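Subject: Structure for your review

Dear colleague,

Please find below the sequence and structure that I am handing over to you. My notes on what was found follow directly after.

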Amino acid sequence: MDDLLFRYNFEMKKRALPSLTFSLLLFLSAGCSSRTASPDPNLQIQQAVAATLAAMPTSTALPPSALQSSPTPLSLAGLFCEYQFCIGHPIDVAFFDVSAQQNPASPSTYSQGLLAAFNGNLFIQVMWQIAPGTSDPKFLLDTILDKAIDTPTGGLDVFLVRNMNVLYDDITTAASATLPFGGVSAWTCGDRVFAWKVYTQQAETARPLFDEALTRFTCGQ
């Protein structure tokens, strides 16, 4: 009898473990019906933004200065800069730290990280990992692809940009009925490998989005 009770309790504990994937977490409210009891990701992000704004100190008015400050020559709209790299993105979305959202005690760092940005028209994901001496970024391209829902077209483009080995391929995806197309890429920069993925409404918009992101990409080497 004790052995049966032990096995019963063990099975019940296994069934109680959550089994959420990152893809389901982000696209739970992107037009597909929910299959799990996971929280609304839009609500989570809104709460995180609200908490951040509430924690910001109230600015103190500065006394007027006789000197006029010169205007900033470079607009930072559509440019994300953190973790010793910068990357371009559409001005109507903003990246947030997925690692910090999942576990506030383990945010992204220089060595590795995960970002995401999305609205009703697109979803972008950026991933990086330290990999000294690596010249082939294919392993991280395979990592950012979700084999359960992402299908590369097979037309892998391999090229060199500013001494960075770059891979790019268009994809189709079942992640969201409203975003069935996209693109995926990976490249080397210094001692790190970066990967990028986008889901879009139209197939022809994925590559221009990537080209814009890479054109504005820089990293601390």
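Strands β8 and β9 run antiparallel and are joined by seven bridges; two strands count as paired if DSSP finds at least two bridges between them. Strands (E, at least two residues) and helices (H or I, at least four residues) are DSSP runs, numbered from the N terminus. Within this pairing, Asp169 stands opposite Val184 in β9.

Please note that this is a predicted model, in which local features need pLDDT of at least 70 and side-chain atom pairs count only at pLDDT 80 or more, while totals for chains, interfaces and linings use all residues. Residues are numbered from 1 along each chain as its sequence is written, and side-chain values use heavy atoms, with hydrogens and water left out.

**Strand β9 and its partners**

On to the other partner of this strand. β9 also pairs with β10, in the antiparallel sense, over nine bridges. Here Ser185 stands opposite Trp196 in β10. The hairpin of β9 and β10 has two residues between the strands, and Gly190 takes a positive phi near 65° in it. Eight of the nine residues of β9 are buried, so the strand is largely enclosed by the rest of the structure. Buried means under 20% relative accessible area, exposed over 50%, and partly exposed in between (1.4 Å probe, protein chains only).

**Nonpolar cores**

The largest nonpolar core has 26 residues, and those with the most contacts inside it are Phe85, Ile87, Trp187, Trp196 and Phe217. A nonpolar core is a set of buried Ala, Val, Leu, Ile, Met, Phe, Trp, Tyr and Cys residues joined through side-chain atoms within 4.5 Å. At least two residues of this core come from each of β2 (85–88), β4 (112–118), β5 (122–130), β8 (164–173), β9 (181–189), β10 (192–200) and α6 (206–215). Another core, of 21 residues, lies apart from it and includes Leu114, Ala116, Leu140 and Leu145.

Which residues does Phe217 touch, not counting those up to four places away in sequence? They are Phe85, Cys86, Ile87, Arg162, Met164, Trp187, Cys189 and Phe194, where contact means heavy atoms within 4.5 Å.

**Disulfides**

The structure holds two disulfides, a disulfide being a pair of cysteine sulfur atoms within 2.5 Å. With bonded cysteines counted along the chain, the pattern is 1-2, 3-4.

One of them joins Cys81 and Cys86, whose sulfur atoms are 2.0 Å apart. The torsion about this S-S bond is about 120°, so the disulfide is right-handed. Cys81 is partly exposed, with a relative accessible area of 39%, whereas Cys86 is buried at 16%.

In the disulfide of Cys189 and Cys219, the sulfur atoms are 1.8 Å apart. Its torsion of about -90° makes the disulfide left-handed. Cys189 lies in strand β9 and Cys219 in strand β11 (residues 218–219), so the pair ties together parts that are 30 residues apart in sequence. Both Cys189 and Cys219 are buried.

**The sheet of β1, β2 and β11**

Three strands form an open sheet in the order β1-β2-β11, with antiparallel pairing. β1 (79–82) and β11 stand at the edges, each with a single partner strand, so one side of each is left without a neighbour in the sheet. β2 and β11 are joined by two bridges, and the bridge partner of Phe85 in β11 is Cys219.

**His89**

His89 lies in the loop between β2 and β3 (96–97). Is His89 buried or exposed? His89 is buried, with a relative accessible area of 13%. The side chain of His89 reaches the backbone oxygen of Val93 at 3.1 Å. Leaving aside neighbours within four places in sequence, His89 is in contact with Gly78, Leu79, Phe80, Ala94 and Phe95.

**The chain as a whole**

The protein chain has six helices and 11 strands. Of its 221 residues, 35% count as buried. Among contacts between residues at least 6 apart in sequence, 49% join residues at least 24 apart.

The pLDDT, the predictor's confidence in each residue from 0 to 100, averages 76 over the protein chain, and 65% of the residues score at least 70. Over residues 1–76 the pLDDT is below 50, and this stretch has 42 contacts in the model beyond near neighbours in sequence.

With kind regards

Note on methods
Polar contact = N/O pair within 3.5 Å; in protein donor to acceptor, adjacent residues only side chain to side chain.
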